[in-house]
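Please look at the sequence and the model shown here, and then read the report below, which goes through some contacts, a core, some aromatic rings and a pocket.

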Amino acid sequence: QKVLEEAPPPGISAELKRDIEQAAVRIVTHVKYSGVGTVEFLLKKNEFFFLEVNPRLQVEHGITEEITGIDLVQLQVKIARGESIEDIEIRERGVAIEARVCAEDTDQGVHPSPGKIVRFEPPLGPRVRIDSGVVTGTMVPPDFDSLVTKVIAIGDNRDGARARLACVLQDLELVIQG
């Protein structure tokens, strides 16, 4: 499982990014796909290879929202209602890095570390996004996804996003009983 996500990919040229975006549009147009989804590619230097299409939002959708200024959940609702999304304007801005904070025990082979969350105080601030479905008192189950929260930091550039993420993770207070 990926623990860090970054967008846009570091070091990618504007031309290669455009080629990948155009390939994604060609794929979904060819199969007549309608909806919000994710087209994934693998990148090897300046070559890219189609991997898959997921007809749903991915766990990393928050970083896409942050760097494009688009609410992808709102888009899904509009599409479901049959509304046009042609007026959607992408406003590319900066770099976003997401860290997935999981309840896992590295001393036990990175297995889920279940228990009751007895303290959860994520830091808030400008250009920081916390996506979580837990609060103090939530039980982390032993046999399911151990993801507790996603911490997203946004910067004007990669160094700025990375520095902000390091500070936010340093200040994140999370205690799981046991």
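Leaving aside residues up to four places away in sequence, Phe120 touches Ser132, Val134, Val135, Thr136, Val148, Thr149, Leu172, Glu173 and Leu174, where contact means heavy atoms within 4.5 Å. The model is a predicted one, in which local features need pLDDT of at least 70 and side-chain atom pairs count only at pLDDT 80 or more, while totals for chains, interfaces and linings use all residues. Residues are numbered from 1 along each chain as its sequence is written, and side-chain values use heavy atoms, with hydrogens and water left out.

Phe120 is also one of the residues with the most contacts inside the largest nonpolar core, together with Ile117, Val148 and Leu165, and this core has 17 residues. A nonpolar core is a set of buried Ala, Val, Leu, Ile, Met, Phe, Trp, Tyr and Cys residues joined through side-chain atoms within 4.5 Å; buried means under 20% relative accessible area, exposed over 50%, and partly exposed in between, with a 1.4 Å probe and protein chains only. Two or more residues of this core come from each of strand E4 (95-102), strand E7 (115-121), strand E10 (147-155) and helix H4 (158-171), and E4 gives the largest share, 4 residues. Helices (H or I, at least four residues) and strands (E, at least two) are DSSP runs, numbered from the N terminus.

Turning to the aromatic rings, Phe41, Phe48 and Phe50 form one aromatic cluster. Rings of Phe, Tyr and Trp (its six-membered ring) pair if their centres lie within 6.5 Å, and planes under 30 degrees apart count as stacked, over 60 as edge-to-face and the rest as tilted. By this rule there are 2 aromatic pairs, listed here.

| Pair | Centre to centre | Angle of planes | Type |
|---|---|---|---|
| Phe41 and Phe48 | 5.4 Å | 85 degrees | edge-to-face |
| Phe41 and Phe50 | 6.2 Å | 75 degrees | edge-to-face |

Phe48, at 25% relative accessibility, counts as partly exposed, and Phe50 is partly exposed as well, with a relative accessible area of 45%.

Lastly, there is the largest pocket, which is lined by 42 residues, of which Glu21, Gly37, Thr38, Val39 and Thr64 lie nearest its centre. On a 1 Å grid over the protein atoms alone, a pocket is an open set of points where a 1.4 Å probe fits, with protein on both sides within 12 Å along at least five of seven lines, and lining residues have an atom within 4 Å of a point.
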